[in-house]
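Please view it alongside the sequence and model shown here.

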Amino acid sequence: ISRSPQLVSPPAAQEAIAISYWRTYSVPVILTNIMNTVGETQSSEKFVPMVIRKILADETVDIHSDPKTGVSGSRFWLHARNTSDALLFMLQEVYPRMFPEVDRPERFNIVGERQISNLDIALMIAEIMGKELKYKMVDAHSSRPGHDPHYGLDGTKLLSYGYEFPVNLHASLDRMIRW
């Protein structure tokens, strides 16, 4: 069995295949980059469901942070309903530009309504649940090597097409908690 390093990540390979079909066979393609999607049936090992579970069990939540600054990471949390709605909007409202008119297919970033720190999202979840958040800040670098403190993309292109998310972050979290 070969142990050679992976040269192309699976998402990059998928994108390359899509672009090759776009160029070769005139298949309409719109590329998307989607931020941290959450939803009711998400694995309990993921951050938001894990926070909900630990608050219910009255356990301490570890918040990854920078040991020098104490600042926790941040994300643009996005509910799966909003992700699906944005994709449907693009299918209905965005005309894919074709090769050779342009060199690359259209690309949209689908991001949550605002950047929020991991500590703030945990505090928001606890507030919605009407419970206290027990937490400790832990060194992200030693507890989770390779951890990115911030994930963020610019979602203004999608908004410039007139898109509006149907459900805000607070309501999305409330739905997840009630589920």
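Of the 179 residues of the protein, 39% count as buried (under 20% relative accessible area; exposed is over 50% and partly exposed in between, with a 1.4 Å probe and protein chains only). This is a predicted model, in which local features need pLDDT of at least 70 and side-chain atom pairs count only at pLDDT 80 or more, while totals for chains, interfaces and linings use all residues. Residues are numbered from 1 along each chain as its sequence is written, and side-chain values use heavy atoms, with hydrogens and water left out.

The protein has seven helices and eight strands (DSSP runs numbered from the N terminus: H or I of at least four residues for helices, E of at least two for strands). Its C-alpha trace spans about 55 × 45 × 30 Å along the principal axes. Among contacts (heavy atoms within 4.5 Å) between residues at least 6 apart in sequence, 86% join residues at least 24 apart.

Beyond its neighbours within four places in sequence, Leu173 is in contact with Val48, Ile121, Met124, Ile125 and Ile128.

The structure holds six aromatic pairs (rings of Phe, Tyr and Trp, the last by its six-membered ring, with centres within 6.5 Å; planes under 30 degrees apart are stacked, over 60 edge-to-face and the rest tilted). One of them, Phe108 with Tyr161, is edge-to-face, at 5.1 Å centre to centre and 75° between the planes. Phe108 belongs to strand E6 (residues 106-110) and Tyr161 to the loop between helix H6 (156-160) and H7, 53 residues apart. Phe108 counts as buried because its relative accessibility is 0%, whereas Tyr161, at 35%, counts as partly exposed. Ring pairs also link Phe89, Tyr163 and Phe165 into a cluster.

Valine 27 lies in the loop between helix H1 (10-25) and strand E1 (30-34). With a relative accessible area of 34%, Val27 is partly exposed.
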